[in-house]
Amino acid sequence: MTSEFPTHARVVIVGGGVMGVGLAYHLGHEGWGADTVLLEKAELTSGSTWHAAGQITHSTSSFGLGKCVDYNIDLYSGKLESETGQAVTWHGCGSFRLAYTEDEMDWLRHTLSVGRSLGFNIELVGPERIAELHPFYNLDGVLGALHTPDDGHVDPTNVTMAMAAGARQKGVRIIRNCRATNITQSANGEWIVETEKGTIVCEHVVNAGGTYARQMGEWSGLQLPMTSMTHHYFVTEPVPEFEGLDKELPVIRDDKKVSGYIRMEQKRGLIGIYEKENPNSVWHDHCPWDYENWLFDADYDRVMPWLEESLNRMPIFAELGIQREVHGAISHPPDGNPLIGPAPGVRNYWCCCGTQIGIGWGPGLTRELARWMVHGAADISMREYDPRRFGTYADKEWQVTKAHEDYCLRHEIPFPHFNRLAGRPIKPSPLHEHLKSKGAVHEEVYGFERPRWFARNGVLQQDNYSFRRNVVDEMVGREVKAVRERVGIMDVTAFTKVELSGADAYALLDRLTANRMPQKDGSITLTHMLNRRGRIELETTIVRMAHDRYYLVCAAFFEQRLLDHLEHNRVDEEVTVNSLSAEWSALSLNGPRSRDVLSACTDADLSNASFRWLSAQEIKIAGHTVWAFRMSYAGELGWELHMPNALCMDVYSALHSAGQAHGIVDYGSFAMNVMRMEKGFKGAGELTNEVTLAEADVLRFARTDKDYLGRDNTLNTNLPWVCAYLEIEPDGAIDGHGGEAVLFKGRVVGSTASVVYGHSVGKILAFAYIQPEAANADTELQVVLHGTPRSAKVLAQPAYDPESLIPRADAAMEVAR
């Protein structure tokens, strides 16, 4: 290989830790190795990677992350060393995650169900089995544990060096002691990477800068939200009791008492702590460039309560001294998930950073990023990791606040729908305070505050977390019942709202959407935008407001993805794209009495003849002109009303006042989700970048008589899986939360994507991706909920209003109902 400094490359990766090297390794395996350059300012691993504890576990209730973890363990435990000849020092000792409370046991039961769907070697065990495999741990108060015997830990430097060797074998050029000093984009779209040794022009640039990633992003005008948090682990003096062991003890993850982990380190003990109070962040503005292999002095005062408890849990450590203190900085994004994917607003700038557990998560995630870069889509859902999930609201002050919150939650129970409250509200709707005064419990979606549910009848206005149905579900059930029987109103301001105008607006949208475009002014189409692999980028509603003006509505977290998709796929089209999300509000009015309520507030003719299903009109409410769309995600007679923010309170007040005679209720996203599942409507959990329209079973929204991006791939009917609609046998208050195993004739054939209790129909309902042979209507299946198989059946039609007559109802039908 030439020793001359390269001037051009297809890909330049900046950063030589486990993430950057992992991406180089996987780009090599995807065929781009010979044209990839990796730059490291010092030596490989010299940032955060070298001081990592190096543990990895199958104990995760994230389905996508579980796939990554399983791949990583397979890589570490033999494949990587066999391929490269480089030792990785794998310790396959297994691990336990302990539970002291029933809530923790429920978490482990759910994790067990997800692990079953992924084929993990995983079991729920009692204290006797824990003591048998780990006789030195104090199990006072322990109810059980999740045992994952294939887990272990690995030497971080050896792993990274082995992947570097593998990358070089595939042609990747790795240049050490070469600091990048700037990254800018030229007018033709190429990236210019300036370094201490020269300048490289490339098509793709990757920010794998670790603790430097945020300030590197600023070179290119990007705001990449992450904060460096410091984490301790301690290595004890040699432990006499370890000398006679013939095999290594399992790693103990004790989330409640230790808030961390305890394991063997050769014949010593290792204790890692994520303190739950007063965490420490550093380098809010700038990480010093000369901090190679940097550690901070230990702060014993900060971690002492958990360190003392670790010695109580491992009494054989109590009389030993601390031989080594490791207190290093690790990147924490606001929500704890890495930034893996395209940077917002630019083309071919990729993020591979913000990873707090690089050894545990890195190789699997970098494999998916390599696939995304090379082929146009990853093979797992990347929604949780996509850097575009944050907007401009994520400024530095907010980043620090959220990183502190995330650090403290690192070893807390990850309850379903856990509501992270720090740094909020950041983007309240015009109705936020008013709805809060009425009992609304809000959630944050792309910075927006959206009502989840309403506390009524003396129920406290707070999140009541559980893996089981509780008082929140009771409140949600009442909201669903009110919408189904009377009328409900919801603040849906958080929706992405984008206006596309210009002479070529139709042509651009027609080329990017699978369904037939709306042909008349005021007509509405539900459609999907795809990537070149035919996978789903996003689902959107398109309203034709004029022949050269269209209004697009989609989920809040797709806003930047939509804007980027439109911009990156423009050729020479003359269009103007205007995001209205921050300036416009929206309300959803649903239920059999919704026509009565709306009629009392407008002179518009709302009959079927004058205001047909899936059509839009300008109407006046409370003297204000608003856009009214006749559509319903609840599957009821209903309208969505869109308007400038300044009008929202007046319009809401008029509707709510008119609704008093009809028993109107406010409802939230939890009730909306139940109702869409009862209607069999696919949502964000089903429509992801890992599936085609055929696999998602939404080909009815695709045309075969037009050309569009991803068309041939999405129409491919050779399906490895398909989205099926299931009814699951109820059993008390235990439902499901997604990712659970689906069994057919005793074998795993897939997993759930979304699960709810359908209050209107009295059934547990689910969408699941399963093998096609198991997806036929009326097929008898089993779904593993909380570790226990339950009877299930494939449904051929929606559980509620299977003929979809209700949303299209005329006044006479509503009176009869």
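Before anything else, a term: a residue is buried under 20% relative accessible area, exposed over 50%, and partly exposed in between, using a 1.4 Å probe and protein chains only. By that scale A622, at a relative accessible area of 39%, is partly exposed.

Some ground rules. This is a predicted model, where local features need pLDDT of at least 70 and side-chain atom pairs count only at pLDDT 80 or more, while totals for chains, interfaces and linings use all residues. Residues are numbered from 1 along each chain as its sequence is written, and side-chain values use heavy atoms, with hydrogens and water left out.

Back to A622. It lies in the loop between β30 (616–621) and β31 (624–629). Helices (H or I, at least four residues) and strands (E, at least two) are DSSP runs, numbered from the N terminus. Phi of A622 is near 55°, a positive value in a residue other than glycine. Most residues other than glycine have a negative phi, and most peptide bonds are trans. Y446 also has a phi near 55°. The place of Y446 is the loop between β21 (440–445) and β22 (448–454). Is Y446 buried or exposed? Buried, with a relative accessible area of 8%.

On peptide bonds, R424 and P425 are joined by a cis one, with omega about -5°. P425 sits in the loop between α9 (396–409) and α10 (432–437).

Now helix packing. Two packed helices are described by the angle between their axes and the distance between the axes. Axes are lines fitted to C-alpha atoms, for helices over the stretch in contact, and angles run from 0 to 180 degrees between N-to-C directions. Helix α1 (residues 18–29) and helix α8 (residues 358–375) have axes that come within 8 Å and cross at roughly 45°. That makes α1 oblique to α8; angles under 35 degrees count as roughly parallel, over 145 as roughly antiparallel, 65 to 115 as roughly perpendicular, and the rest as oblique. The crossing is right-handed, meaning that the near helix is turned clockwise from the far one by less than a right angle, with anticlockwise for left-handed.

The axes of α1 and helix α5 (residues 156–169) also come within 8 Å, crossing at roughly 30°. α1 and α5 are therefore roughly parallel to each other. Here the crossing is left-handed. On the α1 side, V18, V21, G22, A24 and Y25 make the contact (heavy atoms within 4.5 Å). On the α5 side are T160, M163, A164, G166 and A167.

Which helix holds E479? The answer is α11 (residues 471–485). E479 is buried, with a relative accessible area of 1%. Residues touching E479, not counting those up to four places away in sequence, include W453, F454, R456 and Y667. The side chains of E479 and R456 are joined by a polar contact of 3.4 Å. Such a contact is a pair of N or O atoms within 3.5 Å; within protein, one must be able to donate a hydrogen and the other to accept it, and residues adjacent in sequence count only if both atoms are side-chain atoms.

D564 belongs to helix α13 (residues 559–568). At 3% relative accessibility, D564 counts as buried. Beyond four places in sequence, D564 touches A343, P344, G345 and R388. How many residues of α13 are buried? The count is 8 of its 10, so the helix is mostly covered. Its buried residues pack against several elements, among them α12 (505–512) and β26 (536–546).
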